[in-house]
Structures are given as structure tokens and as C-alpha cells.
Amino acid sequence: MRNDDAPLIRLEDYRPSNWLIDTVDLDISLHPQKTRVRALLALRANPAGEPGSPLVLDGDELALKALSIDGRPLDASAYEATPQALTIPNPPPHDFTLTIETELDPSANTKLMGLYRSSRVYCTQCEADGFRRITYFLDRPDVMSVYTVRLEAEKAEAPVLLSNGNLVAAGEIPGSGRHFAVWHDPHPKPAYLFALVGGALDHVRQDYVTADGHKVELAVYVEPGKAGRAGWALDSLVRCMRWDEQVFGRNYDLDVFNVVAVSDFNMGAMENKGLNIFNDKYVLADPQTATDGDYASIEAIIAHEYFHNWTGNRITCRDWFQLCLKEGLTVFRDQEFSSDERSRPVKRIADVRTLRSTQFSEDAGPLAHPVRPRAYKEINNFYTPTVYEKGAEVIRMLKVLIGDDAFRQGMDLYFERCDGTAATIEAFLACFAEASGQDLSDFARWYEQAGTPTIVASGRYDAAAKRYTLDLAQSTPPTPGQPEKQPVVLPIRFGLVGAKGDLPLKTASNAYAGDGLIVLDGACLSLGFEDVPEAPIPSLLRGFSAPARLELDLGDADLLRLFSSDSDSFNRWQALQSVATRALVTAGKPGADQKPLAATATALGEALDAFLKADGLTDPAFAAQVLRLPAPADIAREIGKDVDPEAIFAAHRSLSSAIGKALLGNMPGLSAALATSGPYRPDAASAGRRALRNELLGLAALCAPAKGADLCEEQFGAADNLTDRLAALAAMTLIPSERREVLIARFAEAYANEPLVLDKWLMAQALIPEPATLDRVKKLMQHPVFSLGNPNRVRALIGGFAANLTQFNRPDGEGYGFVSDIVIALDRTNPQVASRLLGSFKSWRMLEPRRQRFAREALSTVARMPNLSRDVADIAERALA
Ligand code: BES
Ligand code: ZN
């Protein structure tokens with residue numbers, strides 16, 4: 001169906017299902033090309049629906065083989081079956097069973113939705129609407145059923161057969177070479193949480209006893225030969241299960257919890273009840289094939305999918321408009337877990353970087369939408385940074401506003417009251433309103449209003465009266481479909497910083513909530529502080545307490561003082577980012593005077609050199625974050641219009657080099673002191689030391705290329721882990737030279753049989769900021785490891801290129817043409833991956849006119865293609881609107 005014809009689905013049109021399905025008995029006989037599915041559905045009219053309605057079940061590319069009601073085959077005149085729907089106009093007036101037989105070809109399923117085969121493994125992906133590619137069903141999250149699943153397969157081909165819930169029976173089918181397994185999941189669930197896996201898989205396992213005394217068998221399944229790389233995922237699982245008991249009081253609720261890694265997967269991972277299916281990139285880890293970053297993401301994603309068991313599965317979403325109910329909340333939970341396992345400030349800084357680069361940029365462009373969208377054509381296009389990352393920020397603000405205790409009580413109430421239901425944001429917020437006694441109706445605007453608010457702050461000190469006045473105002477720019485904006489509730493954590501740290505806060509105003517928190521819930525606010533002994537520097541939005549832009553007119557000297565003395569680590573980091581951002585925004589405009597940038601570079605260089613000398617070894621992970629400047633894309637977003645990527649890039653380069661030069665003297669000593677001894681360990685402290693060393697290496701490569709290249713080669717040769725090797729490669733990519741090409745070739749040779757490592761190699765090359773990169777990327781598409789059929793390869797090489805600010809946005813428009821051609825080609829086999837790739841165009845409207853023209857042409861070419869998927873057509877249409 002073309003997008004123009006695709007219906008717009010609206011939140012306000014939600015109606016309960018006319019029918020319910022209490023139980024589902026699936027009998028699935030796996031075969032690479034001809035898989036038979038028999039579904040026995042127990043149907044009953046929904047008392048909350050329209051009485052006497054026809055029964056309309058969803059399908060997607062389905063072929064019906066047989067149909068019966070209460071065991072009797074149905075006459076052809078009594079139903080209509082198309083690939084998209086099964087309609088029974090006059091279903092029986094009583095409860096009945098419907099038996100549906102369909103036949104599937106998992107090997108031909110390149111969309112990787114529904115049942116497919118990935119490297120000889122059968123697996124499923126059903127969220128959001130993939131179950132309808134397996135059988136006709138009421139494929140909506142508010143229809144919850146108890147599933148019993150019998151799987152049958154060739155034993156040699158699929159010795160492992162897994163589904164949701166607990167294993168209740170298994171055995172051979174004598175004389176046939178086939179075997180079966182029966183799984184039962186006692187917890188009613190929507191169809192999107194159904195899963196099966198079949199294949200030859202190795203596993204690692206461990207017993208676990210929950211806090212409430214329930215024994216659970218945990219296992220992580222991987223491709224044969226890879227069990228040695230599954231240990232970290234299993235270890236992470238145990239730790240996050242304990243954490244959820246301790247922090248949220250949540251215990252696991254089945255006898256089995258299985259995680260399976262597959263190599264072709266559209267997303268990162270999926271929380272199917274008791275059977276999480278993962279992109280292998282987020283499971284497999286050993287020191288030779290995974291970086292510190294990979295270890296951290298595996299830990300976070302294992303936790304994320306596990307946490308969904310309560311926030312997503314036990315309590316699911318009434319409809320897909322409520323997606324943030326499970327995703328935003330679960331991202332918040334995984335962020336908290338990682339913060340507790342690692343360093344809270346460093347995790348917060350990393351999360352805010354992601355928020356700004358992905359969500360703020362979404363909010364600033366044509367794809368902006370509220371955390372709870374009001375309408376969609378293709379739900380798969382709404383698994384966005386806004387729903388996920390901003391959704392998590394909303395929960396974080398709620399916690400700040402009502403306090404830790406009320407937040408926990410509200411969560412407890414939510415678990416108690418909504419368990420077993422398909423819930424809404426309203427039901428969720430009601431629990432916190434009740435627990436805190438606060439009216440949250442204004443706060444709820446965060447779910448409805450798109451756009452990133454800007455807070456404008458200014459302060460005045462009256463030395464004679466010892467009074468400090470802080471004026472705050474907020475505004476949100478218009479976004480598509482929302483020209484007028486209302487104020488939102490902004491929790492602003494803050495302090496007034498004096499010469500010797502935070503000053504005491506005394507104010508008469510009731511807008512000040514105490515404990516260093518201001519709640520800005522109107523358009524503006526003026527706060528007076530009394531008995532302020534000296535002129536303070538305001539430190540606002542500590543810990544990034546609200547997802548907003550802050551405009552506060554502090555000079556570089558004040559920001560540098562915050563950097564050295566703010567008690568809030570986040571704002572220490574932010575202070576330096578602000579100095580750099582301001583200088584780059586000014587210098588990054590075409591033809592801008594570069595002298596102020598040079599002055600800033602000197603000041604930053606001195607501050608960083610002093611900081612590293614004093615503190616470089618105290619908290620290297622934090623220091624690494626401090627050294628990392630805002631990315632060129634962040635500067636582009638701040639500039640916001642008429643963006644010239646080359647000018648920004650040049651300014652960014654010159655600032656980085658100057659900082660590098662200032663640090664050069666101290667670098668060898670510091671790098672040596674940071675070296676970790678003994679075998680590689682993935683813990684946060686060791687990772688932090690590597691991160692800082694590698695940050696320094698990158699700066700050396702920029703400002704002293706010859707010496708930098710020596711260091712890269714040296715580190716590449718000496719490294720006993722992928723983190724350091726890859727960092728050496730990445731730093732070397734900044735140095736155009738024959739030596740770079742040699743190192744690139746050595747890397748490929750060393751990891752020739754490791755596609756996941758070669759993904760990093762592909763991406764490192766796709767990110768090279770040079771005009772020759774486009775040809776390099778085209779050539780890499782011919783490399784044996786590359787395949788348009790594998791989402792990880794596409795994301796690494798093509799997605800990497802689309803994230804290359806200067807080369808994707810080449811002045812001749814060739815970058816856009818290349819990516820849009822691939823989107824068109826990929827759309828025929830995998831629309832979801834194609835549409836995500838097309839999302840790379842989301843910031844095209846901020847570019848200077850010439851590039852805008854080329855980008856618009858590329859988008860229009862896509863939009864004009866006949867037979868586009870709904871996924872791609874929807875993005876193209878909204879990006880162009
Ligand atoms: N429920 C999602 C998986 C999903 C995403 C299904 C999109 C259908 C469409 C899962 O819980 C998830 O959020 N996965 C993330 C990783 C997570 C750590 C944010 C993903 O796959 O990117
Ligand atoms: Zn999720």
C-alpha cells in the first residue's frame with residue numbers, strides 16, 4: 001500500500017477491540033521454505049466492544065491454508081481471506097474457537113519481521129505488528145492471551161527449540177528425524193511479545209534464585225562456537241535481576257529466562273516474554289572482539305530488555321500511542337542501572353550527549369513529534385529518540401519533582417494497580433499524583449507537546465543589599481502541526497556558586513521548592529535571594545534536570561570557574577562544553593573572524609592542561625568526557641540555519657588541534673600513568689583509563705600527525721584488546737597518509753572472520769572527513785563482509801557515512817544521492833532498515849540553500865518511487881512537508 005493511501009491512525013480514534021482471544025494454541029512445524037502454522041484461538045465478544053460485530057483479523061503477506069470454527073471447516077462463502085485480513089462477517093453469537101492454518105517461507109522473509117531465518121536459525125520479531133505475518137490475529141497490544149506453543153523441526157537442523165514461558169514437554173517423533181517441544185506461558189500477553197527460536201545453538205547457563213525464593217534457569221544462546229563470548233551477557237543479566245529486586249522490588253516470574261543472539265536483526269534487541277532475542281552485537285563480547293563501549297551497551301541492553309518484563313510485559317501498552325509508557329520508562333530504568341553499576345556523572349554526561357545529538361536534532365527538524373504522538377501512518381517509524389530518550393527524561397523529571405520516596409511509592413502503586421493490564425500514560429501518571437499528592441496535569445504536557453524548550457536565564461547582584469535576583473523565562477519553538485506552544489513544567493536544579501563553593505540559598509518566593517530546586521512552570525519567573533555575601537555564579541540545570549536548552553550569559557571566565565569549582569560534576573563538564581560551543585558557533589559561520597576562537601583555544605588549553613595535571617588520574621572517565629568537545633553536528637544544531645558543515649568542521653579542527661598542542665607536553669607522562677596493567681578487564685575504572693588515553697591519542701593525531709601516527713602504530717601493535725586497537729585505528733583515520741592505509745589493511749586482515757569487528761572497521765572508514773570517502777564507501781560495498789541483507793553491515797557502512805557531517809553533506813549533493821539510492825534499493829527487501837537510513841535526512845532544513853536543494857531533490861526522488869513501503873514513504877513525506 002502506498003503511503004498516500006495509508007490511513008492515518010489517531011489516538012482519539014482508539015476503541016476497545018470488539019473481540020478478545022483468551023487462549024492461543026500454536027502448532028508450528030518449522031521448515032526453511034514451507035513452515036506450517038496452525039493457530040487455535042479461543043474467541044469471545046469483548047463486553048466493552050460493539051455487540052454483533054464482524055470478526056476482522058489482521059494479516060500481512062499471509063497465505064491461508066485452512067479455516068474452521070469449533071472444529072468444523074468453514075464454507076468459503078462464510079469468510080474472506082486476503083494477504084492483509086481475514087474477515088468473518090457473521091461469527092457465532094457465542095464463544096467459539098477458530099483454527100487457522102497458514103504456510104510461511106521463513107527463508108524468503110528479508111524484512112526480518114514475523115518468522116525468518118538468520119544464518120540457519122529460525123527466529124521471530126513481532127513488535128510492533130509482525131505477529132500478523134505468522135497467522136491472522138487481533139494484532140494489537142490490548143488483546144492479551146495465554147499461549148501454548150508446540151514447535152516441531154528437523155532435529156539435525158534445529159536441535160534447540162524455544163518459545164515463551166516454561167517448557168512443558170519435549171520429545172522425538174519416532175522414525176521422522178524430527179522432534180518437538182511444547183512451551184506454555186501462563187502470563188497473558190499481547191501478540192507482539194510472542195517469540196520462537198529454532199536452530200543449532202550453543203549456550204551458557206546459570207541458576208538464579210529470586211529475592212522471593214523462586215528458582216530460575218538463565219541461559220544465553222549463541223551461534224555454535226561462540227559460547228565463550230556469552231559470559232558477559234549472562235553476568236549482566238544476573239546483576240540487573242538483583243538490581244531490579246533491590247531498587248524497584250521486582251522479582252522475575254517464570255522458571256526460565258532465555259536470551260538468544262541472532263546475526264540478522266533490525267533493532268538492538270526484543271523483550272519477548274521469557275525469551276529475549278538480541279542482535280548478536282549486543283550479546284557477544286570478549287576482549288578481542290568487543291570494545292569497552294560494547295561491554296557497556298551489552299550490560300545496558302540486557303538490562304533494558306529484562307526490565308521490560310515488568311515495564312512492558314506484565315504491564316503493557318493499551319495502544320502504540322502509549323509506546324513511551326514502556327520504552328521511556330524502561331530506558332530510564334536501564335540508565336539508572338548503568339549509573340549504579342558504573343559512574344553516575346559519567347553515565348549522565350554520556351546520556352545527555354546522546355539526547356542532544358539524537359533527540360534535540362529530531363525536535364529541531366521536520367520529524368519532530370511529541371513523546372506521545374497523536375497520529376501515525378507507520379508505527380515502526382515512532383520508535384524514536386523522542387519516545388525513548390525524551391520519554392526517559394520525562395520520568396527523570398517526575399522523580400526530581402515529586403522526590404525519590406514518592407517516586408518509588410508511585411512505581412509500587414503502578415505495579416500493583418496496573419499489573420496484567422494494557423495501560424495508558426494517564427493511568428501511569430495517576431499513580432504518581434496519588435503517591436505524591438501533587439497535581440500532575442500541567443506536567444502531563446511533556447507527553448503532548450513536541451519541541452525542545454529554551455530557558456533564558458539572567459542574574460543580577462546588588463552588592464549593597466546583598467541580594468541576588470535570578471530571572472528565568474521559557475519558550476518552545478514551533479514544530480510541525482504545533483505552531484503555538486505552552487510553558488512546560490521545568491525542574492531546574494541549581495546552586496549559587498561563590499569563591500568557596502555553594503552559597504546558602506535564602507528566598508521568600510514560594511516558587512522555590514527548596515533543596516536547590518526551582519520549578520519553572522510558567523512563561524517566566526523572577527527569584528530573589530537574600531543575604532548573598534558575594535556576587536555568585538549561577539549553576540543552573542544541574543545534572544541536566546530538564547531536557548532543555550539553557551541560555552545563560554556567563555563569560556568564559558565565569559564558566560571556567562564553574563568548571564573548576566562547581567559541586568555538580570555534570571555542570572563542571574557542561575561549563576567547558578559551553579565555552580567551546582559558544583566559540584565554535586561564532587567561528588563556524590562562513591567567513592567568520594577566527595581570532596576569538598584562537599583566544600578561546602588558549603584559555604581552554606590552559607584550563608584542560610591544569611585540570612589533567614591535577615585530576616587526570618583521579619577520575620579518568622570523567623576527564624575523557626571533559627576532553628571530548630561537542631561534535632560538529634552539535635554545533636550545526638546550535639547554529640540552526642544556513643549551516644555550512646565545512647566551516648563548522650574547520651573551526652572544530654582548529655580548536656581541537658590547539659587544545660591538543662596545549663596538552664602535548666604532559667601527554668606522554670599522563671598516558672604512561674594511565675596504562676592498565678594485567679589482563680584486560682571491562683570494568684568502568686579500567687575502561688575510564690583507556691578512554692582518557694585514547695582521547696589523548698586522538699588529539700595527538702590531530703595536532704602532531706607524524707608523532708601521532710607513530711603512537712597509533714605502536715598502540716595498535718601492543719594492544720591486547722579491541723578497545724585500544726580500534727582507538728588506534730580511529731585516531732589514524734584522522735591522518736591522511738599511506739601509513740593510514742596500511743593500518744586499515746592490517747586491521748581487516750586481523751579480523752577477517754569477525755563481521756562484528758569489521759563493522760567498526762567499515763564505520764571508521766565511512767566517517768573519514770575527506771572528499772574521497774564517498775568512493776571509499778562505494779568500494780567497501782564490494783568487500784566480502786558487506787551485504788545489504790544484513791542490518792548491522794548497512795548501519796555500519798551506510799549509516800556511518802550518513803553520520804559523516806561533511807561528507808554526507810558534500811557540497812555537490814553526491815552524498816545525498818548515494819544514500820537515497822541505497823534507501824530505494826533496500827526498501828524492496830527491508831523497509832524498516834531503509835526507513836531508518838532515510839531518517840539521516842532529518843536535519844536537512846537547517847542547511848545552507850544549495851545543500852538544501854540537493855537534499856530536497858534526493859528526498860523527492862525517494863518519495864516519487866512507485867511501490868514504496870509505507871515505512872519509507874512516511875518518512876519521505878514528513879521530511880518534505
Ligand atoms: N521493544 C524494543 C524493540 C523494538 C524496537 C521492537 C522497535 C520493534 C520496533 C526493545 O525493547 C528496545 O527498545 N530495543 C532497543 C534497545 C534499547 C536498549 C533502547 C533497540 O532495539 O534499539
Ligand atoms: Zn525497549
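Select arginine 36 and glutamate 103: they form a salt bridge, with the closest N and O atoms 3.2 Å apart. Here a salt bridge is a side-chain nitrogen of Lys or Arg within 4 Å of a carboxyl oxygen of Asp or Glu. The pair links distant parts of the chain, since arginine 36 sits in strand E3 (residues 35-45) and glutamate 103 in strand E9 (residues 96-104), 67 residues apart. Helices (H or I, at least four residues) and strands (E, at least two) are DSSP runs, numbered from the N terminus. Colour by accessibility and you will find arginine 36 partly exposed at 32% relative accessibility, and glutamate 103 partly exposed at 23%. The terms work like this: buried is under 20% relative accessible area, exposed is over 50%, and partly exposed is in between (1.4 Å probe, protein chains only).

A word on the model: it is predicted, so local features need pLDDT of at least 70 and side-chain atom pairs count only at pLDDT 80 or more, while totals for chains, interfaces and linings use all residues. Residues are numbered from 1 along each chain as its sequence is written, chains are lettered from A and ligands numbered from 1 in the order in which they are written, and side-chain values use heavy atoms, with hydrogens and water left out.

Now select arginine 372 and glutamate 426, whose side chains meet in a salt bridge at 2.7 Å, N to O. This one also joins distant parts of the chain: arginine 372 is in the loop between helix H4 (344-363) and strand E23 (375-376), and glutamate 426 is in helix H7 (residues 425-436), 54 residues apart. Is arginine 372 buried or exposed? Arginine 372 counts as buried, at 4% relative accessibility, whereas glutamate 426 is partly exposed at 47%.

Move on to aspartate 553 and arginine 582, a salt bridge with N and O 3.9 Å apart. Aspartate 553 lies in the loop between strand E33 (549-552) and helix H9 (556-565), and arginine 582 in helix H10 (residues 569-587). Aspartate 553 is exposed at 71% relative accessibility, while arginine 582 is partly exposed at 32%. Next, select Asp27, Arg38, Arg150, Glu152, Glu154 and Arg178 together: salt bridges that share partners join them into one network. In total, the structure holds 76 salt bridges.

Which side-chain atoms approach an oxygen atom of ligand 1? A polar side-chain atom of glutamate 305 lies 2.7 Å from one, and an N or O atom in the side chain of histidine 308 is 2.9 Å from an oxygen atom of the ligand. Taken alone, ligand 1 exposes 510 Å², and the protein buries 87% of that (Shrake-Rupley method, 1.4 Å probe).

**Last stop: helix H27**

Finally, select helix H27 (residues 870-880), where the buried residues include Asp871, Val872 and Ala873. Helix H24 (814-827), helix H25 (831-838) and helix H26 (849-864) are among what covers the buried residues of H27, with contact meaning heavy atoms within 4.5 Å.

Methods:
Polar contact = N/O pair within 3.5 Å; in protein donor to acceptor, adjacent residues only side chain to side chain.
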